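Please read them with the structure open.

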Amino acid sequence: MATTKKFMYLNRRSSFGTVYAIESLEVVLIAAAFEQDVSLAFIDDGVYQIVEGQNTDGIGMKNFSKTFHALGDYDINKLYVSKESLEERGLSESDIMPLVYEDEDDDWAEKSSIKVVSNDELKAIMSEQDVCLSF
Amino acid sequence: MAQICGAEVDEEGFLVDLKDWNKEICIQMAKDDDVELTEEHWGVIDFLRDYFEEYQIAPAVRVLTKAIAKKMGKDKGNSKYLYSLFPYGPGKQGCRFAGLPKPTGCI
């Protein structure tokens with residue numbers, strides 16, 4: 001069997017000002033087909049990507065924030081969110097979408113994919129990765 | 001650009017504007033592929049359209065299979081059943097009939 005690598009996708013920009021956010025999500029979904037160990041990190045303005053209650057009617061763009069709810073089905077269930085980045089923007093974990101996955105090893109129990117971590121913890125997690133891709 | 005029932009499609013036969021979709025287009029697409037749509041096909045097509053509405057993406061086959069197993073039972077949530085309905089692939093052909101874009105992660 002081919003070896004599994006640890007991939008982390010860093011999301012540092014908000015959803016709609018640039019194409020980075022949606023491109024990152026597309027790459028994540030495509031890469032999911034290769035059954036690698038994938039995690040996502042939301043840092044700086046990237047935390048806005050997963051804020052609950054987004055509405056794109058006024059800007060005529062696709063509301064792809066809904067797509068984050070599909071990540072669990074793609075076996076992507078490690079979504080790290082920077083605690084400091086949330087605080088700097090006056091946000092807390094309760095402002096984030098309830099993104100969940102079903103744990104195959106625990107009778108398909110629904111569990112949260114969101115992990116709010118400090119920047120120091122995030123640094124440690126990043127140092128364990130084989131590949132970090134920044135968007 | 002090619003058209004089906006007055007709606008524009010791309011070079012692979014996917015609808016250019018997803019809002020153009022209706023049952024007539026779907027039936028014509030199937031006819032062009034020599035597929036006669038049954039209740040079972042419509043079950044999957046409705047499922048795909050609901051999935052897209054909820055998540056804004058066309059699911060990869062692996063994800064589709066799992067999701068259908070959960071919602072419609074294991075006898076339907078398997079590749080054999082889905083390929084028997086959509087011989088060119090439940091992702092590619094099924095999504096095209098359902099008026100969805102080509103699945104993300106379809107390789």
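1. Where does B:Gln56 lie in chain B? B:Gln56 is in the loop between α2 (39–55) and α3 (61–72), where helices (H or I, at least four residues) and strands (E, at least two) are DSSP runs numbered from the N terminus. B:Gln56 is not a glycine, yet has a positive phi of about 65°. With 18 other C-beta atoms within 10 Å, B:Gln56 is partly exposed; a residue is buried at 20 or more such atoms, exposed at 12 or fewer, and partly exposed in between, with C-beta atoms placed from the backbone.

2. This is a predicted model, in which local features need pLDDT of at least 70, side-chain atom pairs count only at pLDDT 80 or more, and totals for chains, interfaces and linings use all residues. Residues are numbered from 1 along each chain as its sequence is written, while chains are lettered from A and ligands numbered from 1 in the order in which they are written.

3. The buried residues of α3(B) are B:Val61, B:Val63, B:Leu64 and B:Ile68. They line one face of the helix, because they fall within an arc of 150° seen down its axis (the arc is that of the directions from the helix axis to the C-beta atoms). These residues pack against α2 and α5 (90–97) of chain B, contact being C-beta atoms, placed from the backbone, within 7 Å. Just after α3(B), B:Gly73 has a positive phi of about 100°.

4. A:Trp108 also has a positive phi, about 60°, without being a glycine. A:Trp108 sits in the loop between β4 (100–103) and β5 (109–112) of chain A, and counts as exposed because it has 11 C-beta neighbours inside 10 Å.

Definitions and conventions
Contact = placed C-beta atoms within 7 Å.
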